[in-house]
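Dear colleague,

Please find the structure below, with its sequence.

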Amino acid sequence: MWLLCAFASALFAGLTAVLAKIGVKDVNSHLATALRTVVVAVFSWLMVFLAGSQSTLGTVSAGTWLFLILSGLATGASWICYFRALHLGSVSQVAPIDKSSTVLTMLLAALFLHEPLNAPKAAGMILMLAGTWLMLERAPAADVPQSGGKGWFFWAVLSAVFASLTAILGKVGIQGVESNLGTAIRTLVVLVMAWLIVFAQGKQREIRHIKKRTWLFLILSGFATGGSWLFYYRALQDGPASVVAPIDKLSILVTIAFSRLFLGERLSRRAAVGLALLTAGTLTLLVKI
């Protein structure tokens with residue numbers, strides 16, 4: 001079941017990137033992140049009450065609270081960096097960098113969680129790094145605005161680093177709590193963090209100027225994120241982080257496909273080869289689960 005949940009997480013995560021890219025187009029990226037998080041928080045707590053998990057809130061240990069809060073902070077930082085990168089660059093530029101967090105996640109899982117790092121996993125990591133490098137070497141599509149220059153790269157790298165920390169901290173924290181409740185608690189941490197940044201920058205005044213179309217895509221991306229999170233942390237609860245995280249990163253296939261269909265972003269031949277290597281590397285990690 002955890003394997004199916006991991007693939008479902010990848011599907012929703014892939015939809016999130018494209019929906020969010022459209023949603024952040026005409027609004028400050030930090031404000032967009034905060035608004036999306038409201039949707040995710042409502043969605044995740046609704047699932048908690050539907051599952052009846054709220055009754056176990058009092059049994060959560062102090063250690064579990066600590067790791068859930070740290071995981072939420074890492075998630076919030078990753079989101080802020082990721083959607084800032086999306087605001088500055090194209091989906092097909094940012095997504096490969098974000099997915100490269102898998103390699104760091106596997107190294108951290110081996111170091112701190114003592115998960116085995118065998119030959120198939122090592123081969124998969126090499127393929128993924130090679131694929132990411134090839135996708136970065138492509139020239140941006142002519143019809144994709146690059147208003148942020150090279151700034152997107154910095155934010156994308158930070159997003160990948162925090163995403164890898166999220167997986168490790170989430171794996172530890174989710175062991176002592178029901179997965180839906182753990183997701184909901186983490187979401188509240190992200191919610192507080194995102195809105196503190198918005199108010200610190202005075203961006204809350206821009207809410208009144210958000211267009212209806214932007215609201216629609218922000219809400220849809222929030223639901224997609226909520227679905228991805230629920231499946232991801234359900235998979236992490238029962239499956240190894242070094243396998244769940246790579247499967248989740250297969251969302252890049254969904255992301256690239258939808259960015260081509262709805263955003264008109266095109267891959268060069270070099271980038272297509274990179275995507276193939278990235279996918280092959282991810283699938284290699286599933287050997288001898």
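**Findings on the helices**

Helix 2 is followed by G52, whose phi is positive, near 75°; helices here (H or I, at least four residues) are DSSP runs numbered from the N terminus. Please note that this is a predicted model, in which local features need pLDDT of at least 70 and side-chain atom pairs count only at pLDDT 80 or more, while totals for chains, interfaces and linings use all residues. Residues are numbered from 1 along each chain as its sequence is written, and side-chain values use heavy atoms, with hydrogens and water left out.

At the start of helix 2, a side-chain oxygen of N28 lies within 2.9 Å of the backbone nitrogen of H30. The 23 residues of helix 2 (residues 29-51) should span 33 Å at 1.5 Å a residue, and the distance of 33 Å between its end C-alpha atoms agrees with this; the expected span is 1.5 Å times one less than the number of residues.

A34 belongs to helix 2. With 0% relative accessibility, A34 counts as buried (under 20% relative accessible area, with a 1.4 Å probe and protein chains only). Apart from neighbours within four places in sequence, A34 is in contact (heavy atoms within 4.5 Å) with L191, A194, W195 and V198.

Helix 3 (residues 62-88) and helix 9 (residues 212-238) pack at an angle of about 140°, with their axes 15 Å apart. Axes are lines fitted to C-alpha atoms over the stretch in contact, and angles run from 0 to 180 degrees between N-to-C directions. Here S71, T75 and W79 in helix 3 meet T225, W229 and Y233 in helix 9.

Notes: Helix = DSSP H or I, 4+ residues; strand = E, 2+ residues; numbered from the N terminus. Polar contact = N/O pair within 3.5 Å; in protein donor to acceptor, adjacent residues only side chain to side chain. Buried < 20%, exposed > 50% of the residue type's maximum accessible area, 1.4 Å probe, protein only.
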